[in-house]
Amino acid sequence: MLDLTPKEVSERKALRINPAKTCQPVGAIYAALGVHKCMPHSHGSQGCCSFHRMYLTRHFKEPAIAASSSFTEGSSVFGGGANIKASVKNIFDMYKADIIAVHTTCLSETIGDDLNSFIQEIDIPEGKYVVHTNTPSYVGSHVTGFGNMISGFIKYLAKSTKVSNGKLNIMPGFVNPGDMREMKRLADLMGASYIMLPDTSGVLDAPMTGHYDMYPRGGTKIEDIISMGDSKITFALGELTCEAPANTLEKKCGVPYKTMPLPMGVAATDAYIMALSQFTKNEVPYEIEEERGQLVDIMLDGHPYFHNKSVAIYGDPDTVLGITALVLEMGMIPKYIVTGTPGDAFNKKAEELFEQAGVTGCVAKAAGDLFELHQWIKNDPVDVMIGGTHGKHIARAEDIPLVRAGFPILDRYVHSMMAIVGYKGAIRLVELILTALMDRQDRDCNEEDMEMIM
Amino acid sequence: MSSMEKVLDKYSSKVYKNRKAHILEKTDELQSITADVRTVPGIMTNRGCCYAGCKGVVLAPIKDAAIIVHGPIGCSFYTWGTRRHKAKGDENTKNFLEYCFSTDMQEADIVFGGEKKLRQAIKEVVEIFNPATVMICSTCPVGLIGDDIHAVAAEAEALYGIKVMAFSCEGYKGVSQSGGHHIASNGLIKHVIGTGDTRVPKQFAINILGEYNIGGDGWEINRVLKRIGYDIICSIPGDGSYEEMRNAHVADLNLVQCHRSINYVAEMMQVQYGIPWLKVNFIGVNGTIETLRSIAKYFDDEGLTAKTEEVIADEVAMIIDDMEYYKTKLKGKTAAIFLGGSRSHHYQTLLKDLEMETVLAGYEFGHRDDYEGREVIPNIKHDGDSKSIESITVSKVPDKYKVRLSEERYAKLKEEINLEYYGGLIKDVEKGVIIVDDLNHFETEEFLKLLKPDVFFAGIKDKYVAQKGGTLSRQLHSYDYSGPYAGFAGAVNFARDVTMGISTPAWGLVKAPWKTEPTLTGQVAGGEV
């Protein structure tokens, strides 16, 4: 397993090996699927759209729709104006979407297609919408594309009527539908009236009914996106993912925003709850207090098994930072934390977390890759790894337990329905980490040391 | 109105006109279909791109090649470990299948050109891994900004003393993955096949072409072929290696499993080295038996023929009980099957083995010859899209060319077996079966509703669409992470998996009881119920 990876780390200037990121458009499609009756549309070659649909389907085990401009060599020379025009007509005709969310690809970006003017020239049926965003694959990552698509919806749709709707906007970060559900449940418990954009719950975790519905019940309603311009405040959860779209909304409609880390672990969930409380002026109900207390309780109960254990965490920047915050609260050492997404803000935030917790010798790296992470582990191993499917080869090669969390997880079921945010989500993550470590002890200990009670 | 007309009827006139030519209902007459032309924009096609066909399909299984994808990160990421073409390395053969190499182009590389970064990436891959060969695959922006990957490859080859080859397989070329298969095949012919001189063939030396070892199919096929006594020179490309492929020209016969993706290599090797090719099908019990007998006929050796029959009898004996059992579960079940460019045909034999009935079949990126047979090749019209795919002309390589068959024997074999011939899908389906080229999401939904097959064999993008609608879907690109499905043992695996899918108890739990039974029970006022 990964036998060709040398232990010696060499500096690489050009070669990316075993990346911990993918390109912008897949994030844009994921965000667009979180809008009700929306058809994501990829303006580029067919392959992009096909790859993205496959990836999302493999992660969620759900249909992931998206159409393509199906560029040919001719379109690449003369521009894709005719392609997008034909696409829009066919999508409204055949797939009865209410809104088409177009994103670009490295192909249409490189030839400089001007989607703004293309869309203006299209005859859009009454009551239907076409929005777009630019998602050059050679900038940022899938996380950037997710944020850009949210900005695209806001730029085209959000309006300020100067009359407040009294609501809170929640931008949930690049998280699973299960996480979005949990964020909404907590907001409901706090009595908040809110609009979440995007909201893939009810879309990418839709139930089996025996009837295929191209547009399941979930997703942010178009009228709600329009109304976001009249909201009182936006919570941008996942600072590195959602600050940009929250900022877009502020600029366009004057809605102020508050950035927060993803509500992962005790303190970050506390911050989310406190912010909700400040917004609603409601006291925190017992139900939430109870969940928080349960989380802290299991952290105390289980601590002998995870205290001071070292962990490698990899994946998307806000998710990795969120999990890092949780493991630090558990008394673990996040020895290596890696995201493929570029941006120094990740490193800075990680250093802040390390410093707050008083841990030293931990390494954080943005624009890193799993090949390098493996080399670090070869030189100085960890007790457990936390991240997506692509780390499983390292886990096997180095015989390290792997806890799956984040995106993408292609090799397990159910995960995308189960939250890792909120106190309940943290309880789940703590359980997964505990079980991984304790199963390991049961597997590795001497026969005479096998414990009946742990 | 036939189901075909019902589906087409829902289209706007422009789309109707386009799609009508891609759909037919099998009749007794000679039928023609439109295929390998561009997809209507906005239609949710299952097709991928040229890059997917070149790097993702044909090159990716070559285990000892370090394939650097020159472009932004996505294209490389999506073809990393996603296709189940299994391979094993050994002490002499490095296996790069667990690795993903990309130049991860950034904005500055697009603006100022990416050649410098590519050069550096090759240097790094050579220094860290010392691979047998380096392959470079370009993605859309590379062609647009004009990076000369071929010049970079030639330069690197001279510098590092290993084979470095470049493939211009930008995603916008052609109309589907198919163009990429052709470009990859051209590269293997130009740079790999015929460059080795280390392999001395034994008796009955063969290559297996267009077998990708998905789920270990190739290993199961090889097991049977080796039992019979064939000397397998190489597999192109499943579990194949650059080092082995270099010697492919010493074989005496090329077996072609996937006609669509690899017929180019077979044809060019025939011209260059005089190696005849045989269209085979290792899917299904009867398909495999017929194939084994055809290969034996080609070699025309008494011992080989006897051994072939002995192995067939033995292999069949091992699976017959299981197959008979599964037949009782699957007989009469109907299937729709929509796959890439050959599989939809291959699986017809296996479905027949199990007495299942096909109601719809089609290819994502097949050409007319894959539907109608190679006899239509001279009549296929080429358009701008197909002309954008590199086509090369090769000639006899005098010192390596060998005549394998006399003219007489060649003519006789042409009568008896599929020697350098492929008859296509249409001939092998029953009357009334719907054939659809480039089946799209809309048609999938509509046909599933109208034809109500018991199982839909397709890919991951369709799978959950079908299942949400109540139709079992099994992936036949990836076998839903099961397999092998090829050969004798594979047929049982397939039958077991389909039976499992049809009989899993969850199908019976879809409807909640309150949807069918009254939940409110009350009392009639003044009386007892």
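Author: Two residues are in contact here if their C-beta atoms, placed from the backbone, lie within 7 Å. This is a predicted model, where local features need pLDDT of at least 70 and side-chain atom pairs count only at pLDDT 80 or more, while totals for chains, interfaces and linings use all residues. Residues are numbered from 1 along each chain as its sequence is written, with chains lettered from A and ligands numbered from 1 in the order in which they are written.

Reader: How many residues of chain B are in contact with chain A?

Author: On the chain B side 63 residues take part, and they meet 57 residues of chain A.

Reader: Which helix gives the largest share of chain B's side?

Author: Helix 6 (residues 115-129) of chain B, with 7 residues. Helices are DSSP runs of H or I with at least four residues, strands are E runs of at least two, and both are numbered from the N terminus.

Reader: Switching topic: what domains is chain A divided into?

Author: Domain 1 (24-157), domain 2 (168-280) and domain 3 (288-449). The bounds come from an automatic or database domain assignment.

Reader: How far apart are the C-alpha centres of domains 1 and 3 of chain A?

Author: They lie 34 Å apart. The contact takes 8 residues from domain 1 of chain A and 11 from domain 3 of chain A.
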